[in-house]
There are 2 protein chains.
Amino acid sequence: MTTDLLHALRHCVGDRHVLTKAQDRAPFELDWRKRWQGHALAVVQPASTAQVAEAVRLCAQHGVTVVPQGGNTGLVGGGVPDASGRQVLLSLRRMNIVRHIDADNLTLTAEAGCLLQQAQEAARQAGLMFPLSLASEGTCTLGGNLATNAGGTQVLRFGNARDLCLGLEVVTADGLIWDGLSGLRKDNTGYDLKSLFVGSEGTLGIITAATLKLFPAPRGTITALATCTELADALGLLNLARRSLDAELTGFEVMNALSRSLVATHFPSIRQPVPVAPWTVLLELSSTDEDAVARDRLTACLTVASDQGWIHDAVLADNLAQSQGLWHLRESISMAQAAEGLNIKHDIALPVSAIPDFVAHTDAALAAAIPGVRLVNFGHLGDGNLHYNVQAPIGADPARFLVEQEALANRIVYDNVAARGGSISAEHGIGQLKRDTLPTYRSPIALQLMRQVKQALDPQGLMNPGRLL
Amino acid sequence: MTTDLLHALRHCVGDRHVLTKAQDRAPFELDWRKRWQGHALAVVQPASTAQVAEAVRLCAQHGVTVVPQGGNTGLVGGGVPDASGRQVLLSLRRMNIVRHIDADNLTLTAEAGCLLQQAQEAARQAGLMFPLSLASEGTCTLGGNLATNAGGTQVLRFGNARDLCLGLEVVTADGLIWDGLSGLRKDNTGYDLKSLFVGSEGTLGIITAATLKLFPAPRGTITALATCTELADALGLLNLARRSLDAELTGFEVMNALSRSLVATHFPSIRQPVPVAPWTVLLELSSTDEDAVARDRLTACLTVASDQGWIHDAVLADNLAQSQGLWHLRESISMAQAAEGLNIKHDIALPVSAIPDFVAHTDAALAAAIPGVRLVNFGHLGDGNLHYNVQAPIGADPARFLVEQEALANRIVYDNVAARGGSISAEHGIGQLKRDTLPTYRSPIALQLMRQVKQALDPQGLMNPGRLL
């Protein structure tokens, strides 16, 4: 049976694109965080939507389950196979064509295997902008971004991947091709199938292409850092900035003191232009105005915040290089944290208004439960999304800390999230990592509705089983 | 059986809130356009989510189908019962409480029966704005807006009802309550159930409450009219305005010459501050800046457009009253058209870039097929959404015209829409009106996926049968 399937898959995509040797499969079988080591029957690399459809039909005929994979940069183990050696890993990376840019319609249609950076670049060459932006953009693919409804640093203004997607091409669990590519801003002809597949982590079908929204490129972009004593002050600044800058506010990130100290310790060459403070905010303003006008507007906002006593030290980047330097500081936190040792990561969302209370209570509860615990708390405050990460006490063995404290830390954090109407996964998804935790924190009725949808669209359970649900 | 059901429903919601007499039911049984006259077993008016759930369970037990209704302003017959006298019409109007405004989180949670205007007003009182805006806002309800994914005049910047919705409370077809109310900007814990129920026209469950996005209220708003000779010139202006005004461009409407002439004929008191031209654009800019700054920016944009030869006459409103006057002109087209006589309405969407070609070809095809035909073409050009309406030739009997030409006109329009990747329903939905047309213009695979979802969530077919699918 397996031989028949492999033979048919080779006939479908070509001998060279069905990888069965261990060394060929290896890069696809281990996730980016090296947390899940899978073993696939084969890695299949189709080059067209028709080949994806045929491969899915062949797998279905043989009762073999399918794990789709993009750039393999996921953080929840959603894109690597299980250890059974019986799953087909379908890599979309060869489907990497930007099919079309319609500048007058502000849309780009591209295949799932396009790198995010490739889509950004294609938009830029057309004088436009594709605003999805995340640390892995040089490696992650549009298909993966959509399957996980990726977030990133520009959600405040432009939304998540789902909000940026107008239409999809999908291979269903039956191996049929749904051509739902569409450049329409309005379309009320039935259920929102597009939004259903986006964020479904490959469990309902395989996204093979998408039509995405583009935006005019901003003329001026100004980045600033400002320090706050209290998180509530950072919220005061956020509300002020939203009122005075409106859609020009494209970034509002926060970092606690330890986040910045770890960067200082492990990457001393990174410039830290304001002193370490309890909280540091990174703001970005993107404008159709010239830099000077944008700068005046951001300065006026920061002056009001300073008069209110919400911020202390503040600095505006003078040029693009300085701006990139501020973002580099923000984006180095994860690496600094890794250099400090293994830690317990959380990707949580809360109503913005609940964040100060959440942080106060959860910090205290963790300190009481795990004496000496250190919290590396940073993230997209403007979206209510914190990477509220728990680091071992100084001197403790990080690996042992992880084994001993992860369950307790998760419970404390997630219980406090749930008590305030928050989410245990803001932007990373569920995958394998949080699959068993999800039922504790989502309503049984929501889960039942999801299972009904899954059963309806993938009755044989062939699409990425064991993930999400 | 029927007596048992009515008895149980009376016990559930109170005697006064189960209407069975013809004169009491009448306002709920005829749609706003007086196109569909239904006959319900009873009109049931629950006051709480628990009552909605109980009523649905009772109907399910008796095998009686349920038609949810909000303000009964729908344009596609989705909210009125059929003529069988065997359906329960569930009016959500008594559930009209704004439950909560979280100003720091920019969210409002309200029940389905709230009038749209009521939600707008509640936001305004909190110093904020709920941007959904449409002609029927004094009568339509949030539940209806969400069930139909309503559009309106601010979609260009703020999106449709679905884009404005963060969370829902829904009574499922099983009569269970899904509490999916959420004020989160990011939540990747499973399938996007919210987007599935929004726009499902009551066929998957009953929306009882929602959490909606609010925005800072703009400080300055400037409205302008400008005339163009060619539709392509209006697109030139649109692209220029998007590049130079970005998110401050909150409205971009278009009207053809006949649209304006009909208003002039039937409402001569409405001011027409620029001469009738082949095309007239209404632009609106909303800004956090003072009026004067906003005015300078819009003027600069129009000056460039004028230099390019894209626009001829242009006028900016000097104050709020003048601005409302310009919108009044635009919003009087439907009434003027009605005064002129029955006509064939289309609510279509196209990629913006395809609109000039679509209009040229479709105008010509209709003129050839129906000599003397008149086209009242207006709509939300910035969203690619036209109300491309077909009026009888001068002197022809409108009623007879409708009977004789509607099928032909629809076919010509929809074929030309489909050939350019457009939609036969941009913002009004499918309902009864376009249910039989939908299969011609949506892919069989999309329809099959929708039927699978419908079957999964409403296996007994109790929720608003005969609508949409």
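**A:Glu111 stands opposite A:Ala209, a residue of β10(A).** The model is predicted: local features need pLDDT of at least 70 and side-chain atom pairs count only at pLDDT 80 or more, whereas totals for chains, interfaces and linings use all residues. Residues are numbered from 1 along each chain as its sequence is written, chains are lettered from A and ligands numbered from 1 in the order in which they are written, and side-chain values use heavy atoms, with hydrogens and water left out. Strand β6 (residues 107-111) of chain A and strand β10 (residues 205-213) of chain A are paired in the antiparallel sense over 5 bridges. Two strands pair if DSSP finds at least two bridges between them; helices (H or I, at least four residues) and strands (E, at least two) are DSSP runs, numbered from the N terminus.

**An open sheet of 5 strands in chain A has antiparallel pairing and the order β5-β6-β10-β8-β9.** At its edges stand β5 (98-102) and β9 (177-180) of chain A, each with a single partner strand, so one side of each is left without a neighbour in the sheet. On average, neighbouring strands of this sheet are turned by 15° against each other, direction ignored. Axes are lines fitted to C-alpha atoms, for helices over the stretch in contact, and angles run from 0 to 180 degrees between N-to-C directions. Helix α3 (residues 49-61) of chain A packs on the sheet and touches β5, β8 (165-172), β9 and β10 of chain A (contact: heavy atoms within 4.5 Å); its direction makes about 45° with that of β8(A).

**Chain B holds an open sheet of 4 strands with mixed pairing, in the order β1-β2-β4-β3.** The edge strands, β1 (18-19) and β3 (66-69) of chain B, each pair on one side only. β3(B) pairs with strand β4 (residues 87-91) of chain B in the parallel sense, over 4 bridges. B:Leu89 in β4(B) is the bridge partner of B:Val67. Helix α1 (residues 2-13) of chain B packs on this sheet, where β1, β2 (40-44) and β4 of chain B are touched; the direction of the helix makes about 10° with that of β2(B).

The same surface serves both copies, as 100% of the contact residues of chain B recur in chain A.

**Over all chains, the count comes to 8 aromatic pairs.** A:Phe158 and A:Phe215 form an edge-to-face pair, 4.6 Å centre to centre with 65° between the planes. Rings of Phe, Tyr and Trp (its six-membered ring) pair if their centres lie within 6.5 Å; planes under 30 degrees apart count as stacked, over 60 as edge-to-face and the rest as tilted. A:Phe158 lies in helix α6 (residues 155-158) of chain A and A:Phe215 in strand β11 (residues 215-216) of chain A, so the pair ties together parts 57 residues apart in sequence. A:Phe158 counts as buried at 10% relative accessibility, and A:Phe215 is buried with a relative accessible area of 17%. Buried means under 20% relative accessible area, exposed over 50%, and partly exposed in between (1.4 Å probe, protein chains only).
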